[in-house]
Amino acid sequence: MLYQRSSALFKDAQEYIPGGVNSPVRAFKSVGGTPIFIQKAEGAYIYDEDGRAYVDYINSWGPMIIGHTDPRVLNATVEQMKNGFSFGTPTELETEIAKLITSVVPNIDMVRMVNSGTEACMSAIRLARGYTNRDKIIKFEGCYHGHSDSFLIKAGSGAATFGNPNSPGVTQGTAKDTLLAEYNNLEDVKTLFEQNKDEIAAIIVEPIAGNMGCIVPQEGFLEGLRQICNENGALLIFDEVMTGFRQAMGGTQERLNINADIVTFGKVIGGGFPVGAFAARREIMSHLAPLGPVYQAGTLSGNPIAMRAGFTTLNIINNDRALFNRIDQVTETLDIEIAKIFEEKGIPAHINRLGSMMSVFFTEQTEINNFTAVTKCNHERFNKFFHHLLTNEVYIAPSGYETWFISDAIKDAEINKTLDAVKSFEA
Ligand SMILES: *Cc1c(COP(=O)(O)O)cnc(C)c1O
């Protein structure tokens, strides 16, 4: 049996951890079967408890952009640990990473570190509300901004996968301040602004969406959001937790040349450690405690081990910007070759890609531009595809509402192994 030890570990885990996992999508509930338990990872590969090595296209859901267990990050982090694990005081390192981030990301002067993407987005909307003195926010159907109450309204992958987009426990009072629009639909946004004049603090958006599968912003969509915010005195929040330091050193703002007012980060910024951040220009960030009245805090925020891992990772990328081109090229090759294979096989499929994010949708639709289009895809076939790849030691996200994350460790050998696996797929 392929997953013998994983099965036993999962059985045991379910006794003590709800669903056996500490984050729902890991349970393989939408694709079925047993999650693989991972023992270690290196470079392009993760190794399960049964001794199998998989080409990893999840990469911890994005953070491991330079591949797993990079020796430079490992050494720097181990050295840092020798000085202590956590102080709850300021450290020089926090200023160093803040200087680096503000120097490479457009349109921001100051940054506050937190411990997750969820925290970053939750704090960003509090700041936007405090700054504008308005209560409502607009989010897009299928976009995920972490699991804080205001965002658990049609929130993409996790929620979509489990068919309960509105989680129990989120009060009506909270939900009423979150307005929903369709992704890539500016008319929807304009209507909401007309109906809620002077009440909307901010629009929060994944500028390249990755939590309903990869959905690319259509020409003019982000520009339109920028303009609508300008006209209505609302802030534009780019949730770059997934896209930051992946689509370009300066994230989507740089790649697509659009300025946001507040930017949130996570994933790559921590190099695999629990880190998030939010950033804006000085005038906005000055509203944050202890400078201003908007409260936000964290016992472990700016933790030195996590900062060292993040700082080292960001420096590696910053000093080797050709990396972005390399991972984009690998993703493009996968896109083109996989599309070719499906065409030869007569399997209707559509691939969305921007940079080093992509998703394979099984569908006759020729465009996948929003959440509704994703729900119409053949998810049963996706699940079969997922398990076929897993059997062939290629590990993609266990849901048709997720993105592939390409790392710089993925080279020709891994591409070929992946394409061979796709070739032997029988729909
Ligand atoms: C992953 C993700 C989050 C949440 O980050 P966590 O670290 O899991 O809390 C928020 N926004 C986007 C766009 C994400 O991809």
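Reply: What follows goes from the annotated residue to the helix pairs, and then to the salt bridges.

The model is predicted, so local features need pLDDT of at least 70 and side-chain atom pairs count only at pLDDT 80 or more, while totals for chains, interfaces and linings use all residues. Residues are numbered from 1 along each chain as its sequence is written, and side-chain values use heavy atoms, with hydrogens and water left out.

The UniProt record, an unreviewed entry, places "modified residue: N6-(pyridoxal phosphate)lysine" at Lys267; UniProt positions are in the numbering used here, feature names are shortened, and annotations may be inferred rather than shown by experiment. Lys267 sits in the loop that joins strand E9 (262-265) to strand E10 (276-280). Helices (H or I, at least four residues) and strands (E, at least two) are DSSP runs numbered from the N terminus. With a relative accessibility of 23%, Lys267 is partly exposed; buried means under 20% relative accessible area, exposed over 50%, and partly exposed in between (1.4 Å probe, protein chains only). Not counting residues up to four places away in sequence, Lys267 touches Trp61, Pro63, Val241, Met242 and Val275, where contact means heavy atoms within 4.5 Å.

Thr313 belongs to helix H11 and is buried, at 3% relative accessibility. Apart from neighbours within four places in sequence, its contacts are Ile66, Val73, Val268 and Gly271. The axes of H2 (residues 71-81) and H11 (residues 304-318) come within 9 Å and cross at roughly 150°. Axes are lines fitted to C-alpha atoms, for helices over the stretch in contact, and angles run from 0 to 180 degrees between N-to-C directions. H2 and H11 are therefore roughly antiparallel; angles under 35 degrees count as roughly parallel, over 145 as roughly antiparallel, 65 to 115 as roughly perpendicular and the rest as oblique. H2 passes H11 in a right-handed crossing: a crossing is left-handed if the near helix is turned anticlockwise from the far one by less than a right angle, and right-handed if clockwise.

For the second pair, the axes of H7 (residues 186-195) and H8 (residues 221-232) come within 10 Å and cross at roughly 10°. That makes H7 roughly parallel to H8. The crossing of H7 past H8 is right-handed. Leu186, Val189, Lys190 and Phe193 of H7 make the contact with Phe221, Gly224, Leu225, Ile228 and Asn232 of H8.

Now the charged pairs. A salt bridge is a side-chain nitrogen of Lys or Arg within 4 Å of a carboxyl oxygen of Asp or Glu, and the count by this rule is 19. Arg226, Asp261, Arg281 and Glu283 form a linked network of them. Glu393 pairs with Lys417, with the closest N and O atoms 3.2 Å apart. Glu393 lies in the loop between helix H14 (379-391) and strand E13 (394-395) and Lys417 in helix H15 (residues 412-423), so the pair ties together parts 24 residues apart in sequence. Lys417 is partly exposed at 26%. Lys82 and Glu79 meet at 2.9 Å, N to O; Lys82 is exposed at 61%, whereas Glu79 is partly exposed at 46%. Asp408 and Lys411 meet at 3.6 Å, N to O, with Asp408 buried at 14% and Lys411 partly exposed at 42%.
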